[in-house]
Amino acid sequence: MITLSDLRSFGPYPSRVTTTVLNQVGHAMRRARLRHYLMCPPAYFDVAYSINPWMDPAGQVDRVLAVRQWSGLVEAYRATGHRVDLLEPRPDLPDMVFAGNGATVVDGHMLPARFANPQREAETALHAEWHRRNGILYGGGSVSQPSAVNEAEGDFAVLSKRILGGFGFRTTPEAHHELASLTGREVISLELVDPRLFHLDLALAVLDDERDHIAYYPHAFSQPSRRLLAELFPDALIANEHDAYSFGLNVVSDGLHVFVPSGARQLREELAAGGYWPISVDLSELIKGGGSVKCCTQEIRPSLVPARRAASLTVEVSSLVPDTASQRSAGGAS
Ligand code: ARG
């Protein structure tokens, strides 16, 4: 039996250290892998413009509530053993809370976003700068220059070997090629057709990135993409319209715990039946901006360095950054 304090005592990247839990019927086994997330507090969150169908600048935003809800998500990640670092928010960038859209980090390779809308353009440099300064934490740090429009994990879903790439509203197919050549991984392009589900992470969720188990809402995709999904993922959970429009697919999963927007009903039950441990998160204020759990969360996937190199990196980091531990307890390496 693994307790929370055991989880906390693991280092930030025990990528092969897993917990094992049996579900109610005692066979389906789900495993959590500890993760590293980058997030940005909604200190200046607002719906000041409209770049997606959910955003109504005439409506009211309760920023205090937004911060409280978002903090609950951070606490939930940390309570389950995950590392969360923070980006400094900027007053003129009200969508910065959606940190999942700012950069894609796979195997230590980092591709910053190039936003489709000018209102978010300036976020790119802030993400790139954070990764330039902190890349040593994950065996990365070389920041490439994006040439095609891509909205990072908004449209990229990383599986065990391959990456799924959304296009149709924001990220372009050219960016799929760019990420493929940067990472050496195959990127499978999927066409989005529902403007309310304008990012892939609103239409599809990765539940287990070691076994490539996903959930998705078929009507968000063009016919050919739907066929492809059915062929590639015959065991996927199929979400209904209610759950998709409640941001129910905008989840973060560590392989066992699934942090799922509270509006999702059927999906939550199916997750539990499938051996996952759904943790319901209410981000109703942020939904007014068109995003929820996954949009707020950028996952940093470290380079897979052999153990001996990883150990020497640890020494380097601690000698370079003597106050790492106090920074971490203060909530960020930035
Ligand atoms: N207002 C933001 C935008 O339209 C919301 C982004 C939410 N992200 C997401 N992956 N759905 O860019």
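What share of the contacts in the protein with a separation of 6 or more comes from residues 24 or more positions apart? The share is 65%, where two residues are in contact if their C-beta atoms, placed from the backbone, lie within 7 Å. The structure is a predicted model, in which local features need pLDDT of at least 70 and side-chain atom pairs count only at pLDDT 80 or more, while totals for chains, interfaces and linings use all residues. Residues are numbered from 1 along each chain as its sequence is written.

**Figure 1. Overview of the protein and its largest nonpolar core.** The secondary structure comprises 11 helices and 16 strands; helices (H or I, at least four residues) and strands (E, at least two) are DSSP runs, numbered from the N terminus. Of the 334 residues, 45% are buried. A residue is called buried if 20 or more other C-beta atoms lie within 10 Å of its own, exposed if 12 or fewer do, and partly exposed in between, with C-beta atoms placed from the backbone. The largest nonpolar core contains 78 residues, and those with the most contacts inside it are Ala 203, Leu 249, Val 260 and Cys 296. Such a core is a set of buried Ala, Val, Leu, Ile, Met, Phe, Trp, Tyr and Cys residues joined through C-beta atoms within 7 Å. In soluble globular proteins, nonpolar side chains tend to be buried together.

**Figure 2. The shell around the ligand.** The ligand is surrounded by 16 residues, of which the closest are Gly 154, His 199, Gly 290, Gly 291 and Cys 295. The shell divides into 5 nonpolar, 8 polar and 3 charged residues. In this division, Ala, Val, Leu, Ile, Met, Phe, Trp, Tyr, Cys and Pro count as nonpolar, Asp, Glu, Lys and Arg as charged, and the others, Gly among them, as polar.

**Figure 3. The open sheet S7-S8-S9.** Three strands form this open sheet, with mixed pairing. Strands S7 (156-158) and S9 (187-191) stand at the edges, each with a single partner strand, so one side of each is left without a neighbour in the sheet. From one strand to the next, the twist averages 20°; axes are lines fitted to C-alpha atoms, for helices over the stretch in contact, and angles run from 0 to 180 degrees between N-to-C directions. S7 and S8 (residues 163-167) run antiparallel and are joined by 3 bridges, and two strands pair if DSSP finds at least two bridges between them. Ala 157 has Leu 164 in S8 as its bridge partner.

**Figure 4. Leu 200 and its surroundings.** Leu 200 lies in helix H5 (residues 200-203). Leu 200 is buried, because 29 other C-beta atoms lie within 10 Å. Not counting residues up to four places away in sequence, Leu 200 touches Gly 154, Asp 155, Ala 157, Leu 164, Gly 166, Leu 190 and Leu 192. Leu 200 and Asn 250 are 50 residues apart along the chain, and their C-alpha atoms are separated by 9.0 Å.

**Figure 5. Phe 169 in a loop.** Phe 169 is placed in the loop between S8 and helix H4 (173-183). This residue is buried, with 20 other C-beta atoms within 10 Å. Leaving aside neighbours within four places in sequence, Phe 169 is in contact with Leu 192, Pro 195 and Phe 198.

**Figure 6. Strand S14 and its partners.** In S14 (residues 257-261), 5 of the 5 residues are buried. His 257, Phe 259 and Pro 261 cover one side, and Val 258 and Val 260 the other. S14 is joined to S13 (residues 252-253) by 2 bridges, and the two run antiparallel; S14 and S15 (residues 277-281) are joined by 5 bridges and run parallel. Val 252 is the bridge partner of Phe 259, and His 257 stands opposite Trp 277 in S15. S13 and S14 form a hairpin with 3 residues between them, and Gly 255 in the turn has a positive phi of about 105°.

**Figure 7. Asp 107 and Asp 212, two residues with a positive phi.** Most residues other than glycine have a negative phi. Asp 107 has a positive phi of about 50° and lies in the loop between strands S5 (103-106) and S6 (109-112). For Asp 212, phi is near 55°, and its place is in the loop between strands S10 (204-208) and S11 (213-216). Asp 107 is partly exposed, with 17 other C-beta atoms within 10 Å.

Note on methods. A residue is near a molecule or strand if its C-beta atom, placed from the backbone, lies within 6 Å of it.
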